[in-house]
Amino acid sequence: MSGTPAATSVAIMTRRMLLTVLVGAAVLLVPWTVYLAHTLPDRFDTGQWRLAWVGFDIALLLSFAAAAWLGLNRRRAAVPLLSATAAMLCCDAWFDVMLGWTSPERWSSVALAVFVELPAAALLVFASRRLLGDALPRRSVTLRDIALREDPRYQRVTHVLPAGAAEVARRTGLERAEVTECLENLRANGFVRHDRKGNWLPVPQELREPKPDDYDGADRQRVTAFLDAKYAEEVALLSWAAEHRDEFGPWAMAQRTSTRLTQAELRELDAEYRELVTRYCRRRRPGKGEKEISVRFYAFPPPGGHPGLGAPGVSPTGFS
């Protein structure tokens with residue numbers, strides 16, 4: 001959903017203000033740094049030395065623990081915390097070396113900084129960048145994607161993954177050459193990948209709906225038919241789930257709610273949902289006790305005066 005002109009104007013103004021503050025801070029720090037370089041003494045006795053360093057190390061320990069927990073749970077909140085922990089490690093290395101340069105332990109401080117603290121900081125920065133870029137590939141559905149969807153062989157192939165090509169052929173009943181062709185086409189569209197052990201693995205993607213207005217003639221009709229069929233399947237799937245709700249046991253749950261949101265809040269809700277999807281789709285190979293689960297998220301303005309949709313609150317559908 002695109003923002004309104006007013007929201008876009010506010011975003012531009014906020015960005016300009018932030019850039020102004022950053023540039024201003026960088027400029028002001030130049031004379032301040034020169035002033036400190038000429039006025040600060042080489043030596044200075046201070047109190048609470050032990051408390052300052054012990055407190056810093058406790059903060060560093062807590063940062064490591066929190067970043068590890070967030071990272072293991074694939075929370076994007078780990079990104080700023082990993083970056084902050086890396087900065088703290090660099091500060092720790094700098095002050096350890098500089099403040100201990102005249103002490104007998106200076107070379108151990110240098111070794112600790114070079115071989116432990118700075119490499120650990122670099123590793124955390126790398127991890128934060130990887131986590132930041134760990135979102136699902138996002139693109140619009142193309143005509144080639146539609147062609148793959150219209151061919152039932154591709155649905156059969158992807159349904160049995162992960163597996164090797166021979167196993168896919170055996171489980172689908174397709175010829176080995178057909179399976180190879182399907183897998184190569186799926187790989188070309190980013191839907192599967194080939195691992196080092198010879199297995200084909202599904203690659204989750206976030207596919208946005210194509211817009212019929214972006215196409216002309218027969219292509220527009222094809223995209224429109226694709227979208228109509230897609231939503232007809234969604235309605236049929238939801239109807240089937242409602243009819244079989246008593247058969248799922250603990251393997252299904254559902255909630256619905258009605259609330260009032262601004263466009264910015266709706267985008268934030270969508271971003272949080274996509275973060276959850278990424279978190280669970282980016283997992284390891286299927287393990288024991290797992291089951292394929294269909295997950296859907298819809299948010300839309302209800303028709304005016306529709307009974308039961310006007311009052312905010314969560315109400316389960318009875319699937320669980």
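Guide: Helix 5 passes helix 9 in a left-handed crossing, the near helix being turned anticlockwise from the far one by less than a right angle (clockwise would be right-handed). Helices (H or I, at least four residues) and strands (E, at least two) are DSSP runs, numbered from the N terminus. This is a predicted model, in which local features need pLDDT of at least 70 and side-chain atom pairs pLDDT 80 or more, while totals for chains, interfaces and linings use all residues. Residues are numbered from 1 along each chain as its sequence is written, and side-chain values use heavy atoms, without hydrogens and water.

Visitor: At what angle do helix 5 and helix 9 pack?

Guide: Axes are lines fitted to C-alpha atoms, for helices over the stretch in contact, with angles from 0 to 180 degrees between N-to-C directions. Helix 5 (residues 143-150) and helix 9 (residues 217-243) pack at about 50 degrees, their axes 11 Å apart. The two helices are therefore oblique to each other (under 35 degrees is roughly parallel, over 145 roughly antiparallel, 65 to 115 roughly perpendicular, the rest oblique).

Visitor: Which residues make the contact?

Guide: Contact means heavy atoms within 4.5 Å; among the residues involved are Leu143 and Ile146 of helix 5, and Val223 and Phe226 of helix 9.

Visitor: In what order do the strands of the sheet stand?

Guide: Strands pair if DSSP finds at least two bridges between them; here 3 strands form an open, antiparallel sheet in the order 2-4-3. Strand 2 (163-164) and strand 3 (192-194) each have a single partner strand, so one side of each lacks a neighbour in the sheet. Gly164 stands opposite Asn199 in strand 4, and helix 8 (residues 176-188) lies across strand 3 and strand 4.
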